[in-house]
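This report describes selected features of one protein model. The sequence and structure are shown first, and the description follows.

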Amino acid sequence: MRSFPRPLGRIAAATLTSEVTRHPEPKRVLVIGIDPRVVDHVLDHLMPADRLVVTSPRTDWTDRLRRRLTGERSLTRLSGRVQVLDADIAPEIETYDHVVIAEPLSGDGAGADKLVEQAREKLVPGGVLSLATPLGPPAPGGAATEIGRLAQASAFRTETVVRNLPPLRVHHLRFGEAPAALAERMAPAYSPTRIPVTRDMRIDVNGVVAVAAVAGLTLLTKRLFRRPVWLLPAAAALPVAAFFRDPRRLLPDETAEADAIVSSADGVVLSVEEVTDDGFGTASAEWLRISVFLSVLDVHVNRSPVAGRIVDVIDEPGGYADARHPNAEHNNSKYTVLETTHGPVVVAQRSGLIARRIVQRSRPGALLARGEKFGLIRFGSRTDVYLPAGAARPLVTEGDRVTGGETLIARWL
């Protein structure tokens, strides 16, 4: 392992430590390598019962951190809860809930593999290992190749951080299962996929890519045609950006109640009905299904209606009927199956007449807080929430307008 010549940027550090900072329970954290921003993010979020161990063979770095812990008034409160070791890794007798490799892994593949294996051995069952690799094609036989295989098998969330020098890919890997009940006490995970525009408005990174494509088309059109044909694609830039908007949402106080179930999307309720479906691999086959239609004018970011653990993500190919039509039930769909303390819950993201791509950013093993964003659907579409029949009481009816992450659509009985 070697460090890049500059420390991680603010966004990369926040992404790398996001599974630590969202975890409210008493926890043991190991940070391998002293990146200033990574360590600061962890220090800022330590709870009174938490314990942090930081290791590095670079004694100049460890000495500097020790001086900070004893010399800065804001950090003296952590005395006795933070240990700094002059070593590659912590003693074998210790185990941790979270391990963060603070320096991006690159260069010698064998050395990186050994470090990752040692870090993995430090985890308790269900613990999380967070690490970063350079963005881009891996070198043959390099660290990114082996870590990529491990990430494919064990990563429940992978984020791309382009606003960093160099750009990175951050992997969060879980070894073993975490209890679904833990999700009820966790905050939504920080994600770099939203670009801030104003204090309360962000644009999903998919929107940035789409606007860039429109801008490229505008320049090409302007070069090819003498007439102002370029005004047509230029006029589309603002509506395209608006489609990918991601406004800040604050959960109402009532959604904090244990029995609250919130809308997974913005839109209009198409139907509230009981259906039978045994295709989700759950014990329940009878469901209360609440379907919401999203027009091209609605926010298309999808949120988890409940807190729980993802146990499966099912892709179902299909057609592209109008999302308001009954045949839309057989459209191209992606089902996210959640285990919760109240039973299984399924969120179906369905394509529409115009939609051609469904984005789901979390994998099995991920814990989702209530209202946490996990994906989006491009252009007109439909989102269905399946709740076990007889376990929940609906609070909305056909024709009601709902807001993702804010409107209560049902309550557990």
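Are helix 7 and helix 8 roughly parallel or roughly antiparallel to each other? The model is a predicted one. In it, the axes of helix 7 (residues 205-224) and helix 8 (residues 231-243) come within 9 Å and cross at roughly 175°. Angles over 145 degrees count as roughly antiparallel, and the two helices are therefore roughly antiparallel to each other.

| Helix | Residues in the contact |
|---|---|
| Helix 7 | Ala 210, Val 211, Val 214, Leu 217, Thr 218, Thr 221 |
| Helix 8 | Pro 233, Ala 234, Ala 236, Ala 237, Val 240, Ala 241 |

Classified by residue type, the contact of helix 7 with helix 8 comprises 10 nonpolar residues, two polar residues and no charged residues.

Helix 7 also takes part in a surface feature. Leu 217, Leu 220, Leu 224, Phe 225, Val 229 and Leu 232 make a nonpolar surface patch of about 590 Å². The most is given to this patch by helix 7, with three residues; Leu 220 is placed in that helix. Leu 217 belongs both to the patch and to the helix 7 side of the contact with helix 8.

Turning to charged pairs, the count of salt bridges comes to 28. Among them, the side chains of Asp 50 and Lys 27 meet at 2.8 Å, N to O. Asp 50 lies in the loop between helix 3 (36-44) and strand 2 (51-55), and Lys 27 in the loop between helix 2 (18-21) and strand 1 (28-32), so this pair ties together parts that are 23 residues apart in sequence.

One backbone feature remains to be described. Leu 165 and Pro 166 are joined by a cis peptide bond, with omega about 0°. Pro 166 is located in the loop between strand 6 (155-161) and strand 7 (168-175).

Methods: Residues numbered from 1 in each chain as written. Predicted model: local features only at pLDDT ≥ 70, side-chain atom pairs only at ≥ 80, totals over all residues. Heavy atoms only, no water. Axes fitted to C-alpha atoms, helices over the stretch in contact; angles between N-to-C directions. Helix = DSSP H or I, 4+ residues; strand = E, 2+ residues; numbered from the N terminus. Parallel < 35°, antiparallel > 145°, perpendicular 65-115°, else oblique. Contact = heavy atoms within 4.5 Å. Nonpolar A, V, L, I, M, F, W, Y, C, P; charged D, E, K, R; others polar. Patch = residues over 30% accessible without salt bridge, like charges linked within 9 Å, V, L, I, M, F, W, Y side chains within 5 Å. Areas by Shrake-Rupley, 256 points an atom, 1.4 Å probe, with all protein chains shown as cover. Salt bridge = Lys/Arg side-chain N within 4 Å of Asp/Glu carboxyl O.
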